Amino acid sequence: MSVISRKLENATILDLKGRLGLGEAIESFRDNFHEVLEAGEKNIVVNLTGVPFIDSSGIGALVGAFTMAESKGAKCIFYAPSSQVKHALEISRLNDILNPFNDEKAALASLSG
């Protein structure tokens with residue numbers, strides 16, 4: 001799992017690449033997310049395009065990031081989940097809570113409204 005952080009408009013985007021599952025992948029995502037949040041970013045957008053697989057630990061990491069951001073007064077938005085990730089979110093009934101957007105443009109637009 002690689003996590004690339006980039007600043008765009010009024011948000012920091014975390015581009016995830018690789019399987020989001022138990023072990024180092026989860027730690028890498030959590031560490032990067034925590035670093036951005038602790039730097040004071042109020043809008044964090046997570047790009048799931050490059051995540052072909054997610055397990056229950058990965059889902060837990062996404063929910064944890066979402067709730068951690070909320071507790072710090074920040075927003076955490078997800079976009080472009082692969083079909084497997086979208087299916088996993090639907091099965092776990094988290095699709096409506098995490099509400100992933102279809103693309104980066106829609107995710108960023110949601111921050112202005």
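**A. Val 46 is buried in this predicted model, with a relative accessible area of 0%.** Buried means under 20% relative accessible area, exposed means over 50%, and partly exposed lies in between, using a 1.4 Å probe and protein chains only. This is a predicted model, in which local features need pLDDT of at least 70 and side-chain atom pairs count only at pLDDT 80 or more, while totals for chains, interfaces and linings use all residues. Residues are numbered from 1 along each chain as its sequence is written, and side-chain values use heavy atoms, with hydrogens and water left out. Val 46 has its place in strand β3. Strands (E, at least two residues) and helices (H or I, at least four) are DSSP runs numbered from the N terminus. Leaving aside neighbours within four places in sequence, Val 46 is in contact with Leu 14, Leu 16, Phe 29, Phe 33, Cys 76, Ile 77, Phe 78 and Tyr 79; contact means heavy atoms within 4.5 Å. Leu 98 is 52 residues from Val 46 in sequence, and their C-alpha atoms are 11 Å apart in space. As for strand β3 as a whole, 6 of its 8 residues are buried, so the strand is largely enclosed by the rest of the structure.

Phe 29 and Phe 33 are 4 residues apart in helix α1, a separation of about one helical turn. Both Phe 29 and Phe 33 are buried, and both are among the contacts of Val 46.

**C. An open sheet is made of 4 strands in the order β1-β2-β3-β4, with mixed pairing.** Two strands pair if DSSP finds at least two bridges between them. Strands of a sheet pair through backbone hydrogen bonds, either parallel or antiparallel. β1 and β4 (75-79) stand at the edges with a single partner strand each, so one side of each has no neighbour in the sheet. From one strand to the next, the twist averages 20 degrees. β2 and β3 (residues 43-50) run parallel and are joined by 5 bridges. In this pairing, Thr 12 stands opposite Ile 44, and Asp 15 stands opposite Asn 47. β3 and β4 also run parallel, with 5 bridges between them. Here Asn 43 of the β3 strand stands opposite Lys 75 in β4.

**D. Helices connect the strands and pack on the sheet.** β2, helix α1 (residues 24-38) and β3 make a right-handed β-α-β unit. A crossover is right-handed if, with the strands pointing away from the viewer, the path from the first strand over the helix to the second runs clockwise. The β-α-β crossover from β3 through α2 to β4 is right-handed. Helix α5 (residues 104-112) lies across β1, β2, β3 and β4, at about 160 degrees to β4. Axes are lines fitted to C-alpha atoms, for helices over the stretch in contact, and angles run from 0 to 180 degrees between N-to-C directions.

**E. The backbone oxygen of Asn 10 lies 3.0 Å from a polar atom of the Asn 43 side chain.** A polar contact is a pair of N or O atoms within 3.5 Å; within protein, one must be able to donate a hydrogen and the other to accept it, and residues adjacent in sequence count only if both atoms are side-chain atoms. Asn 10 is in the loop between β1 (2-8) and β2 (11-17). Asn 10 is partly exposed, at 33% relative accessible area, whereas Asn 43 is buried, at 14%. Not counting residues up to four places away in sequence, Asn 10 touches Glu 41, Asn 43 and Leu 111.

Ala 80 and Asn 99 have positive phi values without being glycine. Phi is near 55 degrees for Ala 80 and about 45 degrees for Asn 99. Ala 80 sits in the loop between β4 and α3 (83-91) and is buried, with a relative accessible area of 16%. Asn 99 sits in the loop between α4 (95-98) and α5 and counts as partly exposed, at 45% relative accessibility.
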